[in-house]
Amino acid sequence: DQLTAAGIDLHIQIVLVPGLNDADVLDDTLRWLAHPARRQHIASVGIVPVAYTDHSPADQPRRSFNDEESARAVIAQVQREQFRQREETGQTWVHLADEFYVYANAPFPTIEWYDDFPQYENGIGIILNFVADVREQYDELRAAIWQLPAGHDAVTLMCGELARDTMLGTLSALEAGGRIRLLPVRNRFFGGNVSVTALLAAQDVLHACVYDSEALRRKSEHSTIYVVPDALFNSEGVSLDDWTRDELLDRAGAAGLDMRLYDTSVTGFLSVLRALNRGDEEARP
């Protein structure tokens with residue numbers, strides 16, 4: 001109230017915790033935020049599911065909205081406020097994190113529903129934007145993929161577990177089978193329900209790629225190039241477990257892996273594919 005009274009515009013994030021601030025409490029929270037005295041200075045509201053890790057205190061409940069039923073219930077509940085806001089203001093205003101739609105096996109809203117993505121950095125609308133970018137660059141992506149050797153799984157694309165189904169669907173739509181395979185990586189560093197790509201530790205990525213490479217060598221004479229999104233690293237080039245980009249690549253090389261980093265975007269992925277097809281030694285951002 002002090003901030004809005006001072007004329008400061010805010011973007012709000014609600015971390016939704018089962019049994020604590022969901023259900024009726026969430027309705028009360030949204031009504032409170034939507035009060036005209038506050039609403040004029042609250043530019044958007046994002047709702048994200050609580051994350052828990054293997055390091056959380058034992059007496060804290062380790063549950064979130066990872067099951068279809070609970071995720072669908074949150075979507076249905078929040079939609080009521082979204083519809084009301086769009087009718088009254090022309091904006092959706094309150095937005096749900098991508099996880100809710102993934103866990104619910106529910107379709108994402110349309111791009112227009114996201115009000116120019118004010119909560120993008122909170123993981124709200126990332127998957128929808130990715131799919132839209134793939135559609136926009138479909139022909140270029142498919143052409144680059146089809147220049148890769150057929151039947152050799154020449155490229156292995158890494159992602160976090162949350163993105164697995166989206167990435168599998170994308171590779172299928174691009175007819176990448178036999179040329180690009182997917183390697184979803186479990187987050188062992190944090191554990192719990194932390195599954196987004198950007199929160200993976202570099203050591204988990206290296207461990208998964210080494211294990212995968214050993215398994216691949218046992219059943220195939222072909223090697224693969226591991227393509228890793230640089231979302232693992234912050235703006236200073238450091239991962240959550242304090243590895244640098246060069247440190248990850250050097251350790252991968254010492255383990256006999258051919259690993260490339262790419263700018264975490266469809267354009268970045270297309271660039272690394274083209275670099276691989278040209279035979280560039282350094283297909284890195």
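Modeller: In this predicted model, 4 strands form an open sheet in the order S5-S4-S6-S7, and their pairing is parallel. The edges are strand S5, residues 180-185, and strand S7, residues 258-262, each of which pairs on one side only. On average, and with direction ignored, neighbouring strands of this sheet are turned by 30° against each other.

Within the sheet, strand S4 (residues 155-160) and strand S6 (residues 225-229) run parallel and are joined by 3 bridges.

Helix H9, made of residues 202-219, lies across S4, S5, S6 and S7. The direction of H9 is at about 135° to S5.

Next comes a pair of helices. Helix H6 covers residues 126-136 and helix H8 covers residues 164-173; their axes come within 11 Å and cross at roughly 5°. Angles under 35 degrees count as roughly parallel, so H6 is roughly parallel to H8. On the H6 side of the contact are Ile 127, Phe 130, Val 131 and Val 134. These residues meet Thr 166, Met 167 and Thr 170 in H8. Sorted by kind, the residues of the contact of H6 with H8 are 5 nonpolar and 2 polar, with no charged residue.

Note on methods
Residues numbered from 1 in each chain as written. Predicted model: local features only at pLDDT ≥ 70, side-chain atom pairs only at ≥ 80, totals over all residues. Heavy atoms only, no water. Axes fitted to C-alpha atoms, helices over the stretch in contact; angles between N-to-C directions. Helix = DSSP H or I, 4+ residues; strand = E, 2+ residues; numbered from the N terminus. Parallel < 35°, antiparallel > 145°, perpendicular 65-115°, else oblique. Contact = heavy atoms within 4.5 Å. Nonpolar A, V, L, I, M, F, W, Y, C, P; charged D, E, K, R; others polar. Pairing = 2+ DSSP bridges.
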